[in-house]
Amino acid sequence: MAAINKKEAIVLAIDVGKSSLQHDSDGKTYFEKSKFCVSMILKRKIFAESKDYLALILFGSSHTNNHLSLKGCYDNIEIVTSLGIVTWDLVKHINSLSSADITPSNWLNTLVLAADILKKETEEKIFKELQIVMFSNLEADVSFDKLNIIASCLKTQNINLTIVGKDCEVLSLNPKLETFIIETEATAVNFDSVLPKLSHYKQKEVTPRAWNIPLSFGNVFNIRVCGYKKIDESAKSLKWLLCKNYDTEDSITAMKKHTTYFYIENSEQIQVDREDIIDGFRFGDTIIPVSNLDTDAYSYKSGPRCLQVLGFTKAKNIQRSFLMDGGSYIFKPHKEDVVAFKAVFNAMVEREELMIVRKVYLNNCLPTICVMFPQREDTENYFICVNLPFAEDEHLFKLPSLKSFKPNYEECNAVRNLIDAMDLDKDGNELFMPENTHDPELQYVYDCIAQKAINPNKLLTKAIPEPIQSLLNPPKRIMEKSKQTINEIIKIFSLQQEKYEKCLVEDNNILQFDCDEETDFSKQCVITAFSPIEDFNKLLKNGFNSVIVCENMKHITLDLIESSTSMEDLEKPALNLKVLREFYINNNDIKSYNNLMYLVKDSVLISGKEGMWSQFVDSGIGLITNQEIEISDISQELSEQFMKHEVLQDVAAEFIIDDDDPLKEFL
């Protein structure tokens, strides 16, 4: 089956004559706006790797360059380029354009010329659509004697005409222009409608491919479905070859990659051949070698690809916090299995239940557990599939209760007013919807590439373009509406910004340091998670600042505690604390260690490891009491109280979790 041709032929016509110098309502000239729009159209085509053919015409130009000029009446119209693929050279030419102050702009003759170009240059070629896009305010006087012929020509060739400058409502005030719009069936829009849509770059469009898979209900029966990726994280890898038309053979240097392997013995690097290297895992101080046979043996085999139903559950059991990233699929029924699909769909909606499935995308790929939401759009039914977390993916937290705070009527009313003022859907036009909200990082990278493609020898500008900056800031109208309510919030709640002073150690001359010294040493003072104790002792032995070394040891210890999932994982941070405890005792800095232990306890409890706390403190890392060191301000009784903690039998039962029914969002 032949592929569908999606290529378009487009002629862009820009008014650069005297009428283009008129100012629009925002103070900018029509020429400036036209120039920006055309430049963005071309750059969007390049980044989308579009195969569309574009031609560029300037009318009202001080030059005449077109094949109809010999017939007269086609002066001051310049064909910059015929139909072809967009290049950066054309973008550069657009950016260097200037208007002609003295030349009239015959836009109707330009329309005839553009139609002639489309007719002659598209012969024996197949295009999905033929378009003429004209940027002009249509202020120049022209003769409409041959309007019927022009309109008939456009209809015969199936050419769509779009005029950017003034909308139909403004143009209809002129009877002749109104007749022209009606006869040619043209679309007229103003710049306010076009600029927001052209201010952001566009990625390459990818045709979605169906994942044909049977939705299996055990060994009972299957329903054939087609899956499509609905939401997926945008890839940040870009094709820098988009700028290749500026490369020359002399400027391109072939890159050669070479990897050399070494191991260190007696402070000397000894080279090793790649064939003599195998993989291995490091657990503590032990390195466990793993061969290719071992890798094949322990690799999980999930079996053939599948979409297997595990069962059904009430919609209220799937909390919003369970929905993981990784994108989402939509599943539609095969045309021969619509009846069975609809029966399952209707039953799920009626019973308010969701489907739990096991998904394996390819043979022996890692399986995922997903939830299927029934969705109805117009007359079409389909499932939305979203990944669910495993037990290892979930982190439990003990959140503080808000029951002790009871806001009064004035405080509640102030917050309600703030929500009303910042309502994004107040005017019936929802803001920040995913389909209209662009990734600012990706947009900024595209803008930088465009800058280097057009001006390869210039440094990138540090200023963020206004369209990208607008993605990072609240809408102006929202901030204006909420200004008064924000002032009320500040007044009622007396919000004050706290100032934090960084103070690592108190009253200890041994551990005091100079800021410049910290800057110099911190770049080299590194403690790894593999061997923190060895790194700690080595850094102290090499004369590094003890404050910096201790702080790095504290950070790595707290990180190890928060990332641990079992008691075995806590052995390494427990040993780290023993070493720190001994160090602080030898340096009479008891307070620093005791303060650290309070942070450790918070880290253990907040990360949901209450059951490990009693075993953790039995490792001999408790508070330093005044019975052990006289200068300590911690009594034995306070230390024993610090060690105690009641383990909650059912932590999840005390959580405050949003119980909104997610099914309502999908129906």
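Which residue of strand 17 is the bridge partner of Cys370? In the predicted model, the partner is Asn387. This pair belongs to the contact between strand 16 (residues 368-377) and strand 17 (residues 380-387), which run antiparallel and are joined by eight bridges.

Strands of a sheet pair through backbone hydrogen bonds, in either a parallel or an antiparallel arrangement.

Ser328 is located in strand 14. Its relative accessibility is 9%, so Ser328 counts as buried, the cut-off being under 20%. Beyond its neighbours within four places in sequence, Ser328 is in contact with Tyr228, Lys229, Lys230, Ile231, Cys385 and Val386. Phe221 is located in strand 8. Phe221 counts as partly exposed because its relative accessibility is 37%, and partly exposed residues fall between the 20% limit for buried and the 50% limit for exposed. With neighbours within four places in sequence left aside, Phe221 is in contact with Leu215 and Ser216.

A further antiparallel pair is made by strand 9 (residues 261-265) and strand 10 (residues 268-272), joined by five bridges. Within this pair, Tyr263 stands opposite Ile270 of strand 10. The two strands form a hairpin with two residues between them. Asn266, in the turn of this hairpin, has a positive phi of about 55°.

The largest nonpolar core comprises 39 residues. Val11, Ile57, Trp107, Leu111, Ile132 and Phe180 have the most contacts inside this core. Two or more residues each are given to the core by strand 1 (8-15), strand 2 (53-59), strand 3 (77-84), helix 3 (107-121), strand 4 (129-135), helix 4 (147-156), strand 5 (159-165) and helix 6 (175-184). Helix 3 provides the largest share, eight residues. Not counting residues up to four places away in sequence, Ile57 touches Val11, Leu12, Ala13, Ile14, Ile77, Glu78, Ile79, Thr110, Leu113, Ala114 and Ile117. Another core, of 36 residues, lies apart from the largest one and includes Ile41, Leu54, Leu58 and Val194.

The second largest pocket has a volume of about 1100 Å³. It is lined by 34 residues, of which Glu8, Lys45, Ser50, Asp52 and Lys202 are the closest to its centre. At least two lining residues of the second largest pocket come from each of strand 1, helix 1 (30-47), strand 4, strand 5 and helix 7 (191-198).

For the protein overall, the secondary structure consists of 21 helices and 17 strands. Of its 667 residues, 38% count as buried. Among contacts between residues at least 6 apart in sequence, 72% join residues at least 24 apart.

Conventions: Residues are numbered from 1 along each chain as its sequence is written. This is a predicted model: local features need pLDDT of at least 70, side-chain atom pairs count only at pLDDT 80 or more; totals for chains, interfaces and linings use all residues. Side-chain values use heavy atoms; hydrogens and water are left out. Two strands pair if DSSP finds at least two bridges between them. Helices (H or I, at least four residues) and strands (E, at least two) are DSSP runs, numbered from the N terminus. A nonpolar core is a set of buried Ala, Val, Leu, Ile, Met, Phe, Trp, Tyr and Cys residues joined through side-chain atoms within 4.5 Å. Buried means under 20% relative accessible area, exposed over 50%, partly exposed in between (1.4 Å probe, protein chains only). Contact means heavy atoms within 4.5 Å. On a 1 Å grid over the protein atoms alone, a cavity is a set of points where a 1.4 Å probe fits but cannot get out, and a pocket is an open set with protein on both sides within 12 Å along at least five of seven lines; lining residues have an atom within 4 Å of a point. Grid points are joined across faces, edges and corners, and a volume is the space filled by probe spheres set on the points.
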